[in-house]
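Subject: Structure handover

Hello,

Please find the structure below.

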Amino acid sequence: MSSERTYPDLRDAVSKLCSKYPGEYWRKLDEERAYPTAFVEELTKAGWLSILIPEDYGGAGLPLSAAAAVLEEMQASGCNGGACHAQMYTMGTLLRHGSEAQKQTYLPKIANGELRLQAFGVTEPTSGTDTGAIKTTAVRDRDHFVINGQKIWTSRAEHSDLMVLLARTTPLQEGMKKTAGLSVILVDMREAVGNGLSVRPIRTMMNHATTEVFFDNLRVPAENLIGEEGEGFKYILSGMNAERILIAAECIGDAKWFIDKASSYAKERVVFDRPIGKNQGIQFPIAKAYANMRAAELMVAEALRLYEAGGNPGEEANMAKMLAADASFEAANVCIQTHGGFGFAEEYDIERKFRETRLYQTAPISTNLILSYLSEHVLGLPRSY
Ligand SMILES: Cc1cc2nc3c(=O)[nH]c(=O)nc-3n(C[C@H](O)[C@H](O)[C@H](O)COP(=O)(O)OP(=O)(O)OC[C@H]3O[C@@H](n4cnc5c(N)ncnc54)[C@H](O)[C@@H]3O)c2cc1C
(Lines give C-alpha, C1' and ligand atoms only; values in the text may rest on other atoms or scores of the structure.)
Protein backbone atom coordinates (compact mmCIF):
# COMPACT_ATOMS: atom_id res chain seq x y z
CA MET A 1 0.00 0.00 0.00
CA SER A 2 1.68 3.24 -1.02
CA SER A 3 1.10 6.45 0.88
CA GLU A 4 3.25 9.28 2.10
CA ARG A 5 5.06 8.20 5.24
CA THR A 6 5.80 11.12 7.51
CA TYR A 7 7.76 10.53 10.74
CA PRO A 8 8.93 7.02 9.76
CA ASP A 9 10.96 6.44 12.97
CA LEU A 10 8.13 7.60 15.19
CA ARG A 11 5.67 5.38 13.30
CA ASP A 12 7.95 2.37 13.58
CA ALA A 13 8.33 2.90 17.34
CA VAL A 14 4.56 3.29 17.89
CA SER A 15 3.81 0.28 15.74
CA LYS A 16 6.36 -1.79 17.68
CA LEU A 17 4.71 -0.81 20.96
CA CYS A 18 1.25 -1.60 19.52
CA SER A 19 2.37 -5.05 18.38
CA LYS A 20 2.48 -6.01 22.08
CA TYR A 21 -1.29 -5.38 22.21
CA PRO A 22 -2.77 -7.71 19.61
CA GLY A 23 -6.38 -8.53 18.81
CA GLU A 24 -6.83 -10.87 21.81
CA TYR A 25 -5.96 -8.03 24.19
CA TRP A 26 -8.63 -5.72 22.72
CA ARG A 27 -11.18 -8.52 22.36
CA LYS A 28 -10.98 -9.39 26.04
CA LEU A 29 -11.34 -5.73 27.06
CA ASP A 30 -14.24 -5.34 24.66
CA GLU A 31 -16.03 -8.31 26.19
CA GLU A 32 -15.55 -6.95 29.71
CA ARG A 33 -15.95 -3.30 28.70
CA ALA A 34 -12.68 -2.70 30.52
CA TYR A 35 -10.15 0.12 30.13
CA PRO A 36 -6.82 -0.63 28.34
CA THR A 37 -4.76 0.44 31.35
CA ALA A 38 -1.56 -1.40 30.38
CA PHE A 39 -1.67 0.04 26.84
CA VAL A 40 -2.29 3.61 28.03
CA GLU A 41 0.39 3.35 30.70
CA GLU A 42 2.96 2.10 28.22
CA LEU A 43 2.10 4.85 25.73
CA THR A 44 2.38 7.44 28.51
CA LYS A 45 5.70 6.08 29.74
CA ALA A 46 7.08 6.14 26.21
CA GLY A 47 6.00 9.81 25.98
CA TRP A 48 3.64 9.39 23.03
CA LEU A 49 0.66 11.03 24.71
CA SER A 50 2.61 14.14 25.68
CA ILE A 51 4.38 14.85 22.43
CA LEU A 52 2.39 18.09 22.00
CA ILE A 53 3.38 19.42 25.44
CA PRO A 54 6.25 21.91 25.03
CA GLU A 55 9.70 20.79 26.20
CA ASP A 56 9.68 23.46 28.95
CA TYR A 57 6.84 21.55 30.59
CA GLY A 58 8.34 18.10 30.14
CA GLY A 59 6.85 17.07 26.79
CA ALA A 60 8.45 16.56 23.40
CA GLY A 61 7.16 19.82 21.89
CA LEU A 62 6.41 18.24 18.52
CA PRO A 63 3.88 19.65 16.03
CA LEU A 64 0.33 18.38 15.46
CA SER A 65 1.40 16.25 12.49
CA ALA A 66 3.50 14.12 14.85
CA ALA A 67 0.48 13.53 17.11
CA ALA A 68 -1.56 12.67 14.00
CA ALA A 69 1.09 10.13 12.98
CA VAL A 70 1.00 8.51 16.45
CA LEU A 71 -2.78 8.14 16.41
CA GLU A 72 -2.93 6.96 12.80
CA GLU A 73 -0.31 4.32 13.51
CA MET A 74 -2.14 3.11 16.62
CA GLN A 75 -5.35 2.57 14.67
CA ALA A 76 -3.56 1.05 11.67
CA SER A 77 -2.06 -1.48 14.11
CA GLY A 78 -5.54 -2.55 15.22
CA CYS A 79 -5.43 -0.74 18.58
CA ASN A 80 -8.00 1.76 19.84
CA GLY A 81 -6.75 5.28 20.52
CA GLY A 82 -10.24 6.26 21.71
CA ALA A 83 -9.05 5.20 25.14
CA CYS A 84 -6.57 8.04 25.39
CA HIS A 85 -6.66 10.35 22.34
CA ALA A 86 -8.41 13.14 24.25
CA GLN A 87 -5.31 13.89 26.29
CA MET A 88 -3.68 15.16 23.11
CA TYR A 89 -6.31 17.81 22.48
CA THR A 90 -7.86 18.61 25.89
CA MET A 91 -4.37 19.48 27.07
CA GLY A 92 -4.38 22.23 24.39
CA THR A 93 -7.07 24.19 26.27
CA LEU A 94 -4.78 24.38 29.29
CA LEU A 95 -1.71 25.09 27.17
CA ARG A 96 -3.25 27.90 25.13
CA HIS A 97 -5.46 29.56 27.73
CA GLY A 98 -4.21 28.48 31.17
CA SER A 99 -2.16 30.75 33.44
CA GLU A 100 1.56 30.14 33.85
CA ALA A 101 0.88 28.81 37.37
CA GLN A 102 -1.70 26.31 36.06
CA LYS A 103 0.66 25.16 33.32
CA GLN A 104 3.50 24.70 35.81
CA THR A 105 1.22 22.80 38.18
CA TYR A 106 -0.32 20.39 35.70
CA LEU A 107 1.57 20.02 32.43
CA PRO A 108 4.79 18.42 33.77
CA LYS A 109 2.70 15.91 35.75
CA ILE A 110 0.58 15.12 32.69
CA ALA A 111 3.77 14.71 30.66
CA ASN A 112 5.37 12.29 33.14
CA GLY A 113 2.19 10.29 33.62
CA GLU A 114 1.47 11.31 37.23
CA LEU A 115 -1.81 12.89 36.15
CA ARG A 116 -4.26 11.94 33.41
CA LEU A 117 -6.24 14.67 31.67
CA GLN A 118 -8.57 12.49 29.64
CA ALA A 119 -12.02 13.85 30.47
CA PHE A 120 -13.76 16.60 28.56
CA GLY A 121 -17.21 17.62 29.83
CA VAL A 122 -19.09 19.62 27.22
CA THR A 123 -22.11 17.63 25.96
CA GLU A 124 -25.29 17.61 28.05
CA PRO A 125 -28.39 15.43 27.67
CA THR A 126 -30.80 18.25 26.87
CA SER A 127 -28.57 20.59 24.85
CA GLY A 128 -27.01 18.08 22.41
CA THR A 129 -25.00 19.75 19.68
CA ASP A 130 -26.33 23.17 20.71
CA THR A 131 -23.48 23.93 23.14
CA GLY A 132 -24.83 27.42 23.94
CA ALA A 133 -27.87 25.74 25.52
CA ILE A 134 -25.93 23.89 28.26
CA LYS A 135 -27.48 24.14 31.71
CA THR A 136 -24.65 23.16 34.06
CA THR A 137 -23.87 26.21 36.19
CA ALA A 138 -20.80 27.33 38.10
CA VAL A 139 -21.70 30.02 40.62
CA ARG A 140 -18.99 32.01 42.34
CA ASP A 141 -18.97 31.76 46.15
CA ARG A 142 -15.95 33.74 47.40
CA ASP A 143 -12.86 31.73 46.41
CA HIS A 144 -14.79 28.77 44.96
CA PHE A 145 -17.18 27.90 42.15
CA VAL A 146 -20.21 25.83 43.13
CA ILE A 147 -21.13 23.54 40.27
CA ASN A 148 -24.55 21.99 39.61
CA GLY A 149 -25.83 20.11 36.60
CA GLN A 150 -25.16 17.08 34.44
CA LYS A 151 -22.95 16.08 31.53
CA ILE A 152 -23.35 13.10 29.26
CA TRP A 153 -20.87 11.13 27.16
CA THR A 154 -18.01 12.29 29.36
CA SER A 155 -15.63 9.64 28.14
CA ARG A 156 -12.85 8.21 30.30
CA ALA A 157 -14.10 10.10 33.43
CA GLU A 158 -13.42 7.00 35.54
CA HIS A 159 -9.86 6.81 34.25
CA SER A 160 -8.87 10.45 34.44
CA ASP A 161 -7.62 12.63 37.26
CA LEU A 162 -8.67 15.91 35.68
CA MET A 163 -11.64 17.09 33.66
CA VAL A 164 -11.91 20.15 31.41
CA LEU A 165 -15.45 21.32 32.13
CA LEU A 166 -17.59 23.85 30.29
CA ALA A 167 -20.23 25.48 32.53
CA ARG A 168 -22.42 28.55 32.51
CA THR A 169 -21.07 31.23 34.85
CA THR A 170 -23.42 34.04 33.75
CA PRO A 171 -27.14 33.27 33.44
CA LEU A 172 -28.50 33.65 29.93
CA GLN A 173 -30.42 36.93 29.69
CA GLU A 174 -32.45 38.42 26.91
CA GLY A 175 -30.33 39.92 24.15
CA MET A 176 -27.24 38.00 25.26
CA LYS A 177 -25.42 35.77 22.78
CA LYS A 178 -26.13 32.14 23.71
CA THR A 179 -22.48 31.21 23.67
CA ALA A 180 -21.50 34.08 26.00
CA GLY A 181 -21.24 33.59 29.76
CA LEU A 182 -19.69 30.12 29.54
CA SER A 183 -16.43 29.30 31.30
CA VAL A 184 -13.86 26.53 31.30
CA ILE A 185 -12.95 25.11 34.70
CA LEU A 186 -10.41 22.42 35.46
CA VAL A 187 -11.97 19.90 37.85
CA ASP A 188 -9.68 17.75 39.95
CA MET A 189 -11.73 14.58 39.99
CA ARG A 190 -9.62 12.90 42.64
CA GLU A 191 -11.05 15.32 45.17
CA ALA A 192 -14.44 15.76 43.54
CA VAL A 193 -15.75 12.19 43.21
CA GLY A 194 -17.94 11.52 46.26
CA ASN A 195 -17.88 15.20 47.23
CA GLY A 196 -20.44 16.57 44.80
CA LEU A 197 -19.40 14.68 41.67
CA SER A 198 -20.72 11.26 40.74
CA VAL A 199 -19.90 9.26 37.65
CA ARG A 200 -22.12 6.62 36.05
CA PRO A 201 -20.80 4.47 33.19
CA ILE A 202 -22.87 4.12 30.01
CA ARG A 203 -22.59 0.80 28.21
CA THR A 204 -22.28 1.48 24.48
CA MET A 205 -21.97 -0.59 21.31
CA MET A 206 -18.18 -0.36 21.55
CA ASN A 207 -15.75 -0.27 24.45
CA HIS A 208 -15.32 3.47 25.00
CA ALA A 209 -15.38 4.01 28.79
CA THR A 210 -17.98 6.71 28.42
CA THR A 211 -20.09 8.02 31.31
CA GLU A 212 -22.60 10.52 32.54
CA VAL A 213 -21.51 12.79 35.36
CA PHE A 214 -23.62 14.60 37.92
CA PHE A 215 -22.64 17.75 39.80
CA ASP A 216 -24.40 18.41 43.08
CA ASN A 217 -22.99 21.51 44.77
CA LEU A 218 -19.45 20.51 43.81
CA ARG A 219 -17.00 23.12 45.13
CA VAL A 220 -13.99 23.82 42.91
CA PRO A 221 -11.33 26.42 43.79
CA ALA A 222 -11.81 29.61 41.74
CA GLU A 223 -8.13 29.42 40.77
CA ASN A 224 -9.08 26.45 38.54
CA LEU A 225 -10.83 28.79 36.11
CA ILE A 226 -8.99 28.62 32.78
CA GLY A 227 -8.53 31.97 31.07
CA GLU A 228 -11.20 34.63 31.52
CA GLU A 229 -14.62 34.05 32.98
CA GLY A 230 -17.31 34.05 30.28
CA GLU A 231 -14.90 33.33 27.40
CA GLY A 232 -15.07 29.52 27.65
CA PHE A 233 -16.91 28.85 24.41
CA LYS A 234 -14.12 30.55 22.43
CA TYR A 235 -11.51 28.44 24.25
CA ILE A 236 -13.34 25.21 23.45
CA LEU A 237 -13.80 26.28 19.82
CA SER A 238 -10.11 27.14 19.49
CA GLY A 239 -9.18 23.50 20.14
CA MET A 240 -11.71 22.00 17.77
CA ASN A 241 -9.65 22.15 14.60
CA ALA A 242 -6.84 20.20 16.24
CA GLU A 243 -9.35 17.69 17.61
CA ARG A 244 -10.96 17.17 14.21
CA ILE A 245 -7.63 16.72 12.46
CA LEU A 246 -6.46 14.17 15.05
CA ILE A 247 -9.70 12.18 14.86
CA ALA A 248 -9.39 12.26 11.05
CA ALA A 249 -5.88 10.80 11.35
CA GLU A 250 -7.26 7.99 13.52
CA CYS A 251 -9.90 7.26 10.88
CA ILE A 252 -7.20 7.07 8.20
CA GLY A 253 -5.40 4.52 10.40
CA ASP A 254 -8.60 2.51 10.76
CA ALA A 255 -9.22 2.62 7.00
CA LYS A 256 -5.69 1.34 6.35
CA TRP A 257 -6.21 -1.53 8.81
CA PHE A 258 -9.51 -2.56 7.13
CA ILE A 259 -8.10 -2.27 3.60
CA ASP A 260 -5.04 -4.30 4.53
CA LYS A 261 -7.18 -7.01 6.18
CA ALA A 262 -9.59 -7.14 3.23
CA SER A 263 -6.81 -7.32 0.61
CA SER A 264 -4.94 -10.06 2.49
CA TYR A 265 -8.06 -12.16 2.95
CA ALA A 266 -9.13 -11.70 -0.68
CA LYS A 267 -5.79 -13.14 -1.80
CA GLU A 268 -5.99 -16.15 0.52
CA ARG A 269 -9.61 -17.23 0.60
CA VAL A 270 -10.32 -19.81 -2.09
CA VAL A 271 -13.91 -20.38 -3.25
CA PHE A 272 -14.87 -22.04 -6.57
CA ASP A 273 -11.21 -23.13 -6.81
CA ARG A 274 -9.79 -19.61 -6.99
CA PRO A 275 -9.00 -16.76 -4.63
CA ILE A 276 -12.06 -14.57 -4.11
CA GLY A 277 -9.79 -11.59 -4.88
CA LYS A 278 -9.74 -12.68 -8.54
CA ASN A 279 -13.35 -11.52 -8.81
CA GLN A 280 -13.72 -7.89 -9.70
CA GLY A 281 -16.83 -7.82 -7.52
CA ILE A 282 -14.44 -8.29 -4.60
CA GLN A 283 -11.54 -6.20 -5.97
CA PHE A 284 -13.39 -3.05 -6.92
CA PRO A 285 -14.98 -2.17 -3.57
CA ILE A 286 -11.57 -2.58 -1.90
CA ALA A 287 -9.90 -0.45 -4.60
CA LYS A 288 -12.60 2.23 -4.23
CA ALA A 289 -12.21 2.27 -0.44
CA TYR A 290 -8.45 2.65 -0.97
CA ALA A 291 -8.90 5.60 -3.36
CA ASN A 292 -11.28 7.30 -0.95
CA MET A 293 -8.90 6.75 1.96
CA ARG A 294 -6.03 8.29 -0.02
CA ALA A 295 -8.14 11.32 -0.96
CA ALA A 296 -9.13 11.81 2.68
CA GLU A 297 -5.50 11.37 3.72
CA LEU A 298 -4.54 14.25 1.42
CA MET A 299 -7.15 16.46 3.07
CA VAL A 300 -5.75 15.54 6.50
CA ALA A 301 -2.26 16.50 5.26
CA GLU A 302 -3.59 19.79 3.90
CA ALA A 303 -5.37 20.62 7.18
CA LEU A 304 -2.15 19.83 9.07
CA ARG A 305 -0.08 21.97 6.71
CA LEU A 306 -2.36 24.98 7.18
CA TYR A 307 -2.61 24.44 10.95
CA GLU A 308 1.14 24.24 11.35
CA ALA A 309 1.61 27.37 9.24
CA GLY A 310 -0.32 29.19 11.98
CA GLY A 311 -3.70 29.20 10.26
CA ASN A 312 -7.11 28.36 11.61
CA PRO A 313 -8.22 25.87 8.96
CA GLY A 314 -11.84 25.30 9.98
CA GLU A 315 -12.83 24.35 6.45
CA GLU A 316 -10.06 21.79 5.92
CA ALA A 317 -10.21 20.37 9.46
CA ASN A 318 -13.95 19.77 9.13
CA MET A 319 -13.63 18.28 5.65
CA ALA A 320 -10.73 16.08 6.76
CA LYS A 321 -12.78 14.74 9.67
CA MET A 322 -15.83 14.02 7.53
CA LEU A 323 -13.95 12.49 4.57
CA ALA A 324 -11.73 10.37 6.79
CA ALA A 325 -14.66 9.13 8.90
CA ASP A 326 -16.53 8.24 5.70
CA ALA A 327 -13.44 6.50 4.30
CA SER A 328 -12.95 4.43 7.45
CA PHE A 329 -16.59 3.42 7.58
CA GLU A 330 -16.62 2.50 3.88
CA ALA A 331 -13.47 0.43 4.36
CA ALA A 332 -15.01 -1.22 7.44
CA ASN A 333 -18.08 -2.21 5.48
CA VAL A 334 -16.04 -3.53 2.56
CA CYS A 335 -13.84 -5.50 4.95
CA ILE A 336 -16.84 -7.26 6.51
CA GLN A 337 -18.29 -8.00 3.08
CA THR A 338 -14.99 -9.40 1.81
CA HIS A 339 -14.82 -11.76 4.77
CA GLY A 340 -18.31 -13.15 4.22
CA GLY A 341 -19.58 -14.80 7.40
CA PHE A 342 -16.16 -14.65 9.06
CA GLY A 343 -16.40 -10.84 9.12
CA PHE A 344 -18.97 -11.25 11.87
CA ALA A 345 -16.85 -13.56 14.02
CA GLU A 346 -15.29 -11.82 17.02
CA GLU A 347 -11.93 -13.54 16.61
CA TYR A 348 -11.28 -11.69 13.33
CA ASP A 349 -11.48 -8.29 15.13
CA ILE A 350 -13.30 -6.78 12.14
CA GLU A 351 -16.71 -6.48 13.77
CA ARG A 352 -15.05 -4.83 16.80
CA LYS A 353 -13.15 -2.30 14.69
CA PHE A 354 -16.33 -1.77 12.64
CA ARG A 355 -18.23 -0.82 15.81
CA GLU A 356 -15.37 1.38 16.99
CA THR A 357 -14.97 3.35 13.78
CA ARG A 358 -18.74 3.87 13.42
CA LEU A 359 -18.51 6.37 16.29
CA TYR A 360 -16.75 8.93 14.13
CA GLN A 361 -19.85 9.50 12.01
CA THR A 362 -21.33 11.06 15.15
CA ALA A 363 -18.62 12.19 17.56
CA PRO A 364 -16.96 14.49 18.34
CA ILE A 365 -19.08 16.25 15.72
CA SER A 366 -21.65 14.59 13.50
CA THR A 367 -21.51 14.64 9.72
CA ASN A 368 -24.63 16.83 9.47
CA LEU A 369 -23.04 19.54 11.54
CA ILE A 370 -19.92 19.51 9.35
CA LEU A 371 -22.06 19.79 6.22
CA SER A 372 -23.92 22.63 7.87
CA TYR A 373 -20.62 24.40 8.67
CA LEU A 374 -19.47 24.04 5.06
CA SER A 375 -22.83 25.20 3.70
CA GLU A 376 -23.10 28.27 5.89
CA HIS A 377 -19.55 29.34 6.66
CA VAL A 378 -17.77 28.31 3.47
CA LEU A 379 -20.44 28.51 0.79
CA GLY A 380 -22.36 31.42 2.33
CA LEU A 381 -25.75 29.66 2.24
CA PRO A 382 -28.46 30.94 4.58
CA ARG A 383 -28.21 29.81 8.20
CA SER A 384 -30.55 26.97 9.13
CA TYR A 385 -30.30 27.39 12.92
C1 LIG B 1 -19.13 7.21 22.63
C2 LIG B 1 -19.24 8.70 22.71
C3 LIG B 1 -18.22 9.42 23.32
C4 LIG B 1 -18.33 10.81 23.45
N5 LIG B 1 -17.38 11.49 24.18
C6 LIG B 1 -17.61 12.78 24.52
C7 LIG B 1 -16.76 13.45 25.47
O8 LIG B 1 -15.77 12.89 25.97
N9 LIG B 1 -17.08 14.72 25.84
C10 LIG B 1 -18.18 15.38 25.34
O11 LIG B 1 -18.41 16.52 25.72
N12 LIG B 1 -18.99 14.78 24.41
C13 LIG B 1 -18.74 13.50 24.02
N14 LIG B 1 -19.58 12.86 23.13
C15 LIG B 1 -20.75 13.58 22.63
C16 LIG B 1 -20.71 13.82 21.13
O17 LIG B 1 -19.84 14.88 20.85
C18 LIG B 1 -22.16 14.08 20.69
O19 LIG B 1 -22.86 12.84 20.82
C20 LIG B 1 -22.25 14.60 19.31
O21 LIG B 1 -21.68 15.87 19.23
C22 LIG B 1 -23.73 14.67 18.87
O23 LIG B 1 -24.50 15.31 19.85
P24 LIG B 1 -25.83 14.62 20.40
O25 LIG B 1 -25.54 13.21 20.72
O26 LIG B 1 -26.37 15.44 21.52
O27 LIG B 1 -26.81 14.66 19.18
P28 LIG B 1 -27.95 15.73 18.88
O29 LIG B 1 -27.39 17.11 18.95
O30 LIG B 1 -29.13 15.41 19.72
O31 LIG B 1 -28.26 15.39 17.37
C32 LIG B 1 -28.94 14.19 16.99
C33 LIG B 1 -28.83 14.06 15.48
O34 LIG B 1 -29.46 15.20 14.86
C35 LIG B 1 -28.54 15.84 14.01
N36 LIG B 1 -28.76 17.31 14.08
C37 LIG B 1 -28.87 18.08 15.20
N38 LIG B 1 -29.06 19.37 14.84
C39 LIG B 1 -29.07 19.40 13.48
C40 LIG B 1 -29.21 20.45 12.51
N41 LIG B 1 -29.39 21.71 12.87
N42 LIG B 1 -29.17 20.11 11.20
C43 LIG B 1 -29.01 18.81 10.83
N44 LIG B 1 -28.86 17.79 11.69
C45 LIG B 1 -28.89 18.09 12.99
C46 LIG B 1 -27.15 15.47 14.52
O47 LIG B 1 -26.22 15.53 13.47
C48 LIG B 1 -27.38 14.03 15.00
O49 LIG B 1 -27.24 13.14 13.93
C50 LIG B 1 -19.45 11.49 22.91
C51 LIG B 1 -20.45 10.75 22.26
C52 LIG B 1 -20.36 9.39 22.16
C53 LIG B 1 -21.48 8.63 21.50
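First, the ground rules. This is a predicted model, in which local features need pLDDT of at least 70, side-chain atom pairs count only at pLDDT 80 or more, and totals for chains, interfaces and linings use all residues. Residues are numbered from 1 along each chain as its sequence is written.

**Domains**

The protein chain is assigned domain 1 (8-112), domain 2 (117-231) and domain 3 (237-378). These bounds come from an automatic or database domain assignment. The centres of domain 1 and domain 2, taken over C-alpha atoms, are 23 Å apart. Their contact takes 18 residues from domain 1 and 16 residues from domain 2. Contact here means that the C-beta atoms of two residues, placed from the backbone, lie within 7 Å.

On the domain 1 side, helices H2 (23-32), H5 (86-97) and H6 (100-112) each supply at least two residues. H5 has the largest share, 7 residues. By class, that side has 9 nonpolar, 7 polar and 2 charged residues. The classes are simple: Ala, Val, Leu, Ile, Met, Phe, Trp, Tyr, Cys and Pro are nonpolar, Asp, Glu, Lys and Arg are charged, and the others, Gly among them, are polar. Helices (H or I, at least four residues) and strands (E, at least two) are DSSP runs, numbered from the N terminus.

**H9 and H12**

The axes of H9 (residues 240-268) and H12 (residues 350-358) come within 11 Å and cross at roughly 155°. H9 is therefore roughly antiparallel to H12 (the label for angles over 145 degrees). Axes are lines fitted to C-alpha atoms, for helices over the stretch in contact, with angles from 0 to 180 degrees between N-to-C directions.

Which residues meet in this pair? Cys251, Asp254, Trp257, Phe258 and Lys261 in H9 meet Ile350, Lys353 and Thr357 in H12. The residues of this contact divide into 4 nonpolar, 1 polar and 3 charged.

**Ligand shell**

There are 23 residues around the ligand, and Val122, Gly128, Thr129, Trp153 and Ser366 come nearest. A residue counts as near if its C-beta atom, placed from the backbone, lies within 6 Å. The shell divides into 9 nonpolar, 14 polar and no charged residues. Domain 2 and domain 3 each provide at least three residues of the shell. Strand E1 (117-121) and helix H13 (367-378) each supply at least two. H13 gives the most, with 3 residues.

Best regards

Terms used. Parallel < 35°, antiparallel > 145°, perpendicular 65-115°, else oblique.
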